[in-house]
Amino acid sequence: LDTLEEWVREIFSEIPNNGLPRPSFGHLTQPFDTPEFHKLYRVVPIRKVHSLTITWALPPQEQYYRVKPLHYISWLVGHEGKGSVLSFLRKKFWALALYGGNGETGFEQNSTYSIFSISVTLTDEGYKHFYEVAHVVFQYVKMLQKRGPDKRQVIWEEIQMIEANEFHYQEQTDPVDYVESLCENMQLFQKEDFLTGDQLLFEYKPEV
């Protein structure tokens, strides 16, 4: 460890520190509040696939990394068992797969906004009924909103346990990728969470 520290000091000590805080663009509120965003776009794909993607632009969520509310919601939306959106759409022969969430990249989550998307892979029949498919998705989100998270702590704890297991038993990654990931985490999380902030769930806060 002493040798590694010596190398780091030798290599990086010449980089000047300008003493400036990390830039924030939080003053740019609602960047997607334009007529172009509130539209339905049809894109002709290169390969033969039908996909319906619904995207919401939300206030910045990165400060809630200890709660991870979007991860929690995506878990409910992406559920495939009885009573789920996908189960219902499959019975109608309208969908093959469904995914919801935030990719946690700089484009999808930053100091200005957070993106939440739900993507449905449609069958040929589902493509003919994509308005109904969209309606079902909105109905499900509305139901989650009405019921609220108060009685769903068990689900949150289940997600917390699964993420903890994945963290503790993860395979070793390439050192360069790991260092890059840690450097990114240092810009986003408190120092005690540099190693775990992007993966673990720490607090259940239904109001968030």
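Nine aromatic pairs are counted in this predicted model, where rings of Phe, Tyr and Trp (its six-membered ring) pair if their centres lie within 6.5 Å, and where planes under 30 degrees apart count as stacked, over 60 as edge-to-face and the rest as tilted. The pair of Phe-107 and Tyr-113 is edge-to-face, because the ring centres are 6.3 Å apart and the planes stand at 80°. Buried means under 20% relative accessible area, exposed over 50% and partly exposed in between, with a 1.4 Å probe and protein chains only; Phe-107 therefore counts as exposed at 58% relative accessibility, whereas Tyr-113 counts as buried at 11%. Phe-130 and Tyr-131, by contrast in geometry, form a stacked pair, with 4.6 Å from centre to centre and 25° between the planes. Phe-130 is buried at 12% relative accessibility, while Tyr-131 is exposed at 58%. Ring pairs also link Phe-32, Phe-37, Phe-107 and Tyr-113 into a cluster.

Residues are numbered from 1 along each chain as its sequence is written, and side-chain values use heavy atoms, with hydrogens and water left out. As this is a predicted model, local features need pLDDT of at least 70 and side-chain atom pairs count only at pLDDT 80 or more, although totals for chains, interfaces and linings use all residues.

We turn now to the protein as a whole. It has seven helices and three strands, where helices (H or I, at least four residues) and strands (E, at least two) are DSSP runs, numbered from the N terminus. In order from the N terminus, the elements run α-β-α-α-β-β-α-α-α-α. The C-alpha trace spans about 65 × 40 × 35 Å along its principal axes, and 28% of the 208 residues count as buried. With contact meaning heavy atoms within 4.5 Å, residues 24 or more positions apart account for 73% of the contacts with a separation of 6 or more.

How do two packed helices come to be described? The terms are the angle between their axes and the distance between the axes. The axes of α2 (residues 69-77) and α6 (residues 153-168) come within 11 Å and cross at roughly 105°, the axes being lines fitted to C-alpha atoms, for helices over the stretch in contact, with angles from 0 to 180 degrees between N-to-C directions. That makes α2 roughly perpendicular to α6, since angles of 65 to 115 degrees count as roughly perpendicular, under 35 as roughly parallel, over 145 as roughly antiparallel and the rest as oblique. On the α2 side the contact is made by His-71, Tyr-72, Trp-75 and Leu-76, and on the α6 side by Ile-155, Trp-156, Glu-158, Ile-159, Ile-162 and Glu-163.

Strand β2 (residues 95-101) holds Gly-100, which counts as buried at 4% relative accessibility. Leaving aside residues up to four places away in sequence, Gly-100 touches Ser-74, Val-77, Phe-116, Ser-117 and Ile-118.
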